[in-house]
Amino acid sequence: MLEAMEGSNKRKREDMEQENGVDFGVDLSLLEAVEKSEGTVQVMDVRALKKMVLAFERRLRDNLEARMKYVDHPDKFADSELELHEELVRLKALAGAPELYPELVHQSAIPSIVGLLTHENTDIAVDVVGLIQDLTDEDVVEDSDEAAQVLVDALVENNTLELLIQNLARLDEGDPDESAAVYSTLATIENMVEVRPAVSESVCEKTKLLRWLLTRIKPREFDSNKQYATEILAILLQSSAANQRRLGQMNGVDTVLQAVALYKSRDPKSGDEEEMVENLFDCLCSLVMPVENKERFVKAEGVELMIIIMKQKKSAYGSAMRALDFAMTKFPPACERFVDVLGLKTLFAAFMGKIPVNKKNQGERYKEELEERIISLSASLFDGLSRGSRKDRLLSKFVENEFEKVDRLMELYIRYADRVKAEIERMDQLQLDDLELDDDERYNRKLESGLYTLQLIAVILGHLWYSEHQKMRARIELLLRQQRLSKENVKAILQEYHENIGDLDGPDEKERTQTKIQKFIDAM
């Protein structure tokens, strides 16, 4: 075994080594490959590739034969193992010529390379992980899309995903080399998803990766592999409803909430740990997209946890509000729980501009994003609460303290209306300059300038008007007149919203929303 050989011959990987918080990770096997070729200049072409593949196949055969012949005498197949290791290192040179990947596949080398992930010597399997990571690296394949797709397709066809995840189970993260191999495995998964997005679902369907990731994010202690595990989990969940449901069925909502709960009363200690916490919240937001996971979120007291995090006013404040926004959208039970556990006080403190400020969130853009979340949350509450005591408590917030929240709502309305108006004027100027924009382009540019938030504000105004509270109606009309506006301006925004409601959530939901908006328009 390689462990029995002299230290000078053993591959040593010092990935993720840090000094003063800066990553100086170096794959020494690459340096080894350079050293071995020092003094020679090898042009990587089809001929050179074939020569490398033949040399690799020969060393692989020699090692297999030696292992079969000397089963009980590791020292007698140690040399062949070292030679196989050296050939795997040499193959890394192919990362410099990704245009040759189709030829590599044509030479039938992929099954032999991938098969070594099950090699009895973990070091050989670690070599293969590093090789596949290098071959699929984003920087290597960015200008060779078709060649990269050929390689990834071949890797998938030869069960690389299954073998990579099986290999994870035998890696000991207490060993620096094997810990680096865990990181490389996750990087390889990310690389393959980047080349073939469908891999994100197939790897979760065919392997136990999701369960491994859930286990990996549980420890209380922070480390770089835990951080990367949260990043990969976020990538797998962000655009796949199937993966969101799979993880929900694995008690994933509760596990992610437990991981987040570690930061309810303390801030991350480093930039990397802060990034990991953001990854966890990204996972949570994706997870609560399906209705069944929203139910799990409420049952696991996720609403309560997010409110606690907001009350603590730590760096996760905005992330907790974002998670609530996702969980409460079109889900009345979450809205009802939010009111029942006294979330209105915390929300409307933020609504009135009382947002905690720290080094992380001093920027204006952060405050704007949070402001948009607050408006979205408020709109979800109005939509999710039916008539009754909870709805009355929500409405009373806009009456208390001499309608201060109506005043604040109108302040936001004017600000976003001015932004949209400015964008319309810019587009009109473009048309004067003979740059034509079709209706869809104009509408999308208005959305980017803040139209959607303006529409939500108009919807909240519609709810307030429809409540038939005469003093609140009078206040709204007064504030509009002060800006030389009228109800007609609000109705126009509601009408445009009504006309552009899509059917992403199904025709029934579209009809329900349009009916509600029409009631507001008619009432005004």
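**Figure 1. A salt bridge between aspartate 282 and arginine 322.** In this predicted model, aspartate 282 and arginine 322 form a salt bridge in which the closest N and O atoms are 3.0 Å apart. The pair links distant parts of the chain, for aspartate 282 belongs to helix α16 (residues 271-287) and arginine 322 to helix α19 (residues 317-328), 40 residues apart. Aspartate 282 counts as partly exposed, with a relative accessibility of 30%. Arginine 322, at 16% relative accessibility, counts as buried because the limit for that class is under 20%.

Figure 2. The side chains of glutamate 83 and arginine 59 meet in a salt bridge of 3.3 Å, N to O. Arginine 67 and glutamate 81 are both buried.

**Figure 3. A network of salt bridges.** Five residues are shown, namely Arg365, Glu368, Glu369, Glu372 and Arg419, and salt bridges link them in a network. The count of salt bridges in the model comes to 37.

Figure 4. The model has six aromatic pairs. In one of them, the ring centres of phenylalanine 348 and phenylalanine 398 are 5.5 Å apart and the ring planes stand at 85 degrees, so the pair is edge-to-face. The two residues come from distant parts of the chain, 50 residues apart: phenylalanine 348 lies in helix α21 (residues 343-351), and phenylalanine 398 in the loop between α23 (389-397) and α24 (400-432). Phenylalanine 348 is buried, with a relative accessible area of 3%, and phenylalanine 398 is likewise buried, at 0% relative accessibility. One aromatic cluster is formed by Phe348, Phe351, Phe382 and Phe398.

Figure 5. Glu138, Asp139, Glu142, Asp143, Asp145, Glu146 and Glu194 form a negative surface patch. Helices α7 (138-141) and α8 (145-157) each supply at least two residues of this patch. Aspartate 145 has its place in helix α8 and, at 48% relative accessibility, counts as partly exposed.

Conventions:
Residues are numbered from 1 along each chain as its sequence is written. This is a predicted model: local features need pLDDT of at least 70, side-chain atom pairs count only at pLDDT 80 or more; totals for chains, interfaces and linings use all residues. Side-chain values use heavy atoms; hydrogens and water are left out. Patches are made of residues with over 30% relative accessible area and no salt bridge: like charges are joined within 9 Å, nonpolar side chains (Val, Leu, Ile, Met, Phe, Trp, Tyr) within 5 Å. Accessible areas come from the Shrake-Rupley method with a 1.4 Å probe; for residues, only the protein chains shown count as cover. A salt bridge is a side-chain nitrogen of Lys or Arg within 4 Å of a carboxyl oxygen of Asp or Glu. Lys and Arg count as positive and Asp and Glu as negative; His and the chain ends are not counted. The place of a charge is taken as NZ of Lys, CZ of Arg, CG of Asp or CD of Glu. Helices (H or I, at least four residues) and strands (E, at least two) are DSSP runs, numbered from the N terminus. Buried means under 20% relative accessible area, exposed over 50%, partly exposed in between (1.4 Å probe, protein chains only). Rings of Phe, Tyr and Trp (its six-membered ring) pair if their centres lie within 6.5 Å; planes under 30 degrees apart count as stacked, over 60 as edge-to-face and the rest as tilted.
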